[in-house]
Amino acid sequence: SGASTAAAGVVVPDGVLDGLVGGVVGVPSRFRILSRDRFFNHCLSGKDEYEVVVTATGFPRGFEEPSFAPLQATVTYEGHGYYGVSYTLSRAGQYQVDVRLRVGEESAEIASFAIAMHSAAVHPPSCKLLSNSHTSHKAGKNLPAGEKVRMLFSLRDCYGNPVASSARPRGPRA
């Protein structure tokens, strides 16, 4: 195989979510690494050691920045020189994916990609009412029929990520 002289190419198979661009939180993201020797032949031994780390670089504006330890992606040999890489994130935001090849005690950077993870669908139990123009609710009174009320909600997905305005449901006004 010649791992010390391996040249890797990162490829995305047809029909697989492109983990090199980003995705949606909670949905596994995936890509493949093609391991080759110095003559660009596929390394078929399955013994190359790839390390893929996902690191947060930024979170949505106005969203409390959670502590996020770098995530070690799962790397599995699939045969014929291909290694499958998968990871699942639960926080929307910007990330860096770093691919390294370990050779003995050393490792060499193969590739680095900036990705964007987007929030999932609106999850009503996770949403919060931020303001309400109806004042009689404080006294425990019901809202009279036909009275207009303005409410401001913070829409969130099931992981607590804010949902982008373009993903908000459209429909009749309440």
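This is a predicted model: local features need pLDDT of at least 70, side-chain atom pairs count only at pLDDT 80 or more; totals for chains, interfaces and linings use all residues.
**Entry 1: Asn161**

Which residue has its backbone nitrogen 2.9 Å from a polar atom of the side chain of Asn161? I looked it up, and the residue is Ala92. I take this as a polar contact, meaning a pair of N or O atoms within 3.5 Å; within protein, one must be able to donate a hydrogen and the other to accept it, and residues adjacent in sequence count only if both atoms are side-chain atoms.

Residues are numbered from 1 along each chain as its sequence is written, and side-chain values use heavy atoms, with hydrogens and water left out.

Back to Asn161, which I found in the segment after E11. Asn161 is buried, at a relative accessible area of 0%. My cut-offs are: buried under 20% relative accessible area, exposed over 50%, partly exposed in between (1.4 Å probe, protein chains only).

**Entry 2: the chain overall**

I counted zero helices and 11 strands in the protein chain. Both are DSSP runs numbered from the N terminus, with helices (H or I) of at least four residues and strands (E) of at least two. Reading along the sequence, I get β-β-β-β-β-β-β-β-β-β-β. The protein chain has 174 residues, and 31% of them count as buried.

**Entry 3: the core**

Next I went for the largest nonpolar core, which has 22 residues. A core here is a set of buried Ala, Val, Leu, Ile, Met, Phe, Trp, Tyr and Cys residues joined through side-chain atoms within 4.5 Å. I noted the residues with the most contacts inside this core: Phe31, Ile33, Val52, Tyr87, Tyr95, Val97 and Val99. The elements giving two or more residues to this core are E3, E4, E7 (82-87), E8 (93-103) and E9 (106-118). E8 supplies the largest share of this core, four residues.

**Entry 4: salt bridges**

How many salt bridges does the structure hold? I find four. The rule is a side-chain nitrogen of Lys or Arg within 4 Å of a carboxyl oxygen of Asp or Glu.

I started with Glu78 and Arg30, whose side chains meet in a salt bridge at 2.2 Å, N to O. Glu78 sits in strand E6 (residues 74-79) and Arg30 in strand E3, so this pair ties together parts 48 residues apart in sequence. Both partners are partly exposed: Glu78 has a relative accessible area of 34%, and Arg30 has 26%.

Glu78 also pairs with Arg32, at 2.8 Å, N to O. Arg32 is in strand E3 and Glu78 in strand E6, so this pair ties together parts 46 residues apart in sequence. Arg32 counts as buried, at 19% relative accessibility.

I then looked at Glu109, which forms a salt bridge with Arg100, the closest N and O atoms being 3.6 Å apart. Glu109 is partly exposed at 48%, and Arg100 counts as partly exposed at 25%. Salt bridges that share partners join Arg30, Arg32 and Glu78 into one network.

**Entry 5: the loop between E3 and E4**

Asp37 is in the loop between strand E3 (29-36) and strand E4 (49-58). A polar atom of the Asp37 side chain does lie 2.8 Å from the backbone nitrogen of Phe39.

Phe40 lies in the loop between E3 and E4 too. I read a positive phi of about 70° for Phe40, although it is not a glycine. Most residues other than glycine have a negative phi. Phe40 counts as exposed, at 53% relative accessibility.

**Entry 6: His80**

His80 also has a positive phi, near 55°, in a residue other than glycine. I placed His80 in the loop between E6 and E7. At 61% relative accessibility, His80 counts as exposed.
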